[in-house]
Amino acid sequence: MDTQHGRPCSLATALELVGDRWALLAVREVMFGNHRFSEIARNTAAPRDRLAARLKALVAAGILERRQYQASPPWHDYHLTAAGRELLPVMHALRAWGDKWAVGEPPLRAEHHGHPIDPYVACATCGEPVRPDDLELISTVPDWDITGPKRPAQAHGDEPSATTPHRHSNLDERSPIPGRSESKPAAGS
């Protein structure tokens, strides 16, 4: 993990791989069954050079697999790998967030067994929904705690260590999104 550019974090590292707009839109198209470059380019409206670079990066990162489907001339298409398939819940959650906060009328509806899906995060161990107030965020990186890098006084044991659980619950569930005219209630409110 890169520690020179802020907090060491799996989210930051994941965003280096898939945080680009064209990367996620390419994954979306492959998820929808559009495997050929021309289909992905048409449905994302990405500049072809940028899309080619993003697809190459996604293949290098192990998120997509490039498969040859014609020998002469050689033509390839793209498929999700195991790592790419594990992005599907993230993509559904991001789409649901966009439906709620970014568009007036959702342009696409995702259904599961005939009913719209409403993704939420649940603990795989106990099955309970995960709420911000229930989380304990524990830094496992030396010289960092949840508030940031340790100051020299902290390094000598004057303040809580990085392994001390720190409940972080200043998330306002009703905070409006900038640019939105109305605040929509949080799920379950």
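Visitor: Which residue forms a salt bridge with Asp99?
Guide: The model is a predicted one. In it, Asp99 pairs with Arg95 in a salt bridge, and the closest N and O atoms are 2.9 Å apart.

Visitor: Where do Asp99 and Arg95 sit relative to one another?
Guide: Both belong to helix H6, and because they are 4 residues apart there, about one helical turn separates them. In general, an α-helix has 3.6 residues a turn, so residues three or four places apart point the same way.

Visitor: Are Asp99 and Arg95 buried or exposed?
Guide: Asp99 is buried, and Arg95 is buried as well.

Visitor: How many salt bridges are there?
Guide: The count comes to 6. One of the salt bridges joins the side chains of Arg109 and Glu111, at 2.8 Å from N to O. Arg109 counts as exposed because its relative accessible area is 62%, which is over 50%. Glu111, at 42% relative accessibility, is partly exposed.

Visitor: Which residue does Glu29 form a salt bridge with?
Guide: The partner of Glu29 is Arg28, with the closest N and O atoms 2.9 Å apart. Glu29 has 4% relative accessibility and therefore counts as buried, whereas Arg28 is partly exposed, at 22%.

Visitor: Let us change topic. Which residues of helix H2 are buried?
Guide: Helix H2 covers residues 21-31, and its buried residues are Trp22, Ala23, Leu25, Ala26, Val27, Glu29 and Val30.

Visitor: What do those buried residues of H2 pack against?
Guide: They pack against several helices, namely H1 (10-18), H3 (37-44), H4 (48-60) and H6 (88-101), and against strands S1 (64-70) and S2 (75-80).

Visitor: What is found at the start of H2?
Guide: There, a side-chain oxygen of Asp20 comes to within 2.8 Å of the backbone nitrogen of Trp22. Just after H2, Gly33 adopts a positive phi of about 95 degrees.

Visitor: And Thr44, which helix is it in?
Guide: Thr44 is part of helix H3.

Visitor: Why does Thr44 count as buried?
Guide: Thr44 counts as buried because its relative accessibility is 5%, and the cut-off is under 20%.

Visitor: What is Thr44 in contact with?
Guide: Setting aside neighbours within four places in sequence, Thr44 touches Trp22, Leu25, Ala26, Arg28, Glu29 and Leu51.

Terms used. Residues are numbered from 1 along each chain as its sequence is written. This is a predicted model: local features need pLDDT of at least 70, side-chain atom pairs count only at pLDDT 80 or more; totals for chains, interfaces and linings use all residues. Side-chain values use heavy atoms; hydrogens and water are left out. Buried means under 20% relative accessible area, exposed over 50%, partly exposed in between (1.4 Å probe, protein chains only). Helices (H or I, at least four residues) and strands (E, at least two) are DSSP runs, numbered from the N terminus. Contact means heavy atoms within 4.5 Å. A polar contact is a pair of N or O atoms within 3.5 Å; within protein, one must be able to donate a hydrogen and the other to accept it, and residues adjacent in sequence count only if both atoms are side-chain atoms. A salt bridge is a side-chain nitrogen of Lys or Arg within 4 Å of a carboxyl oxygen of Asp or Glu.
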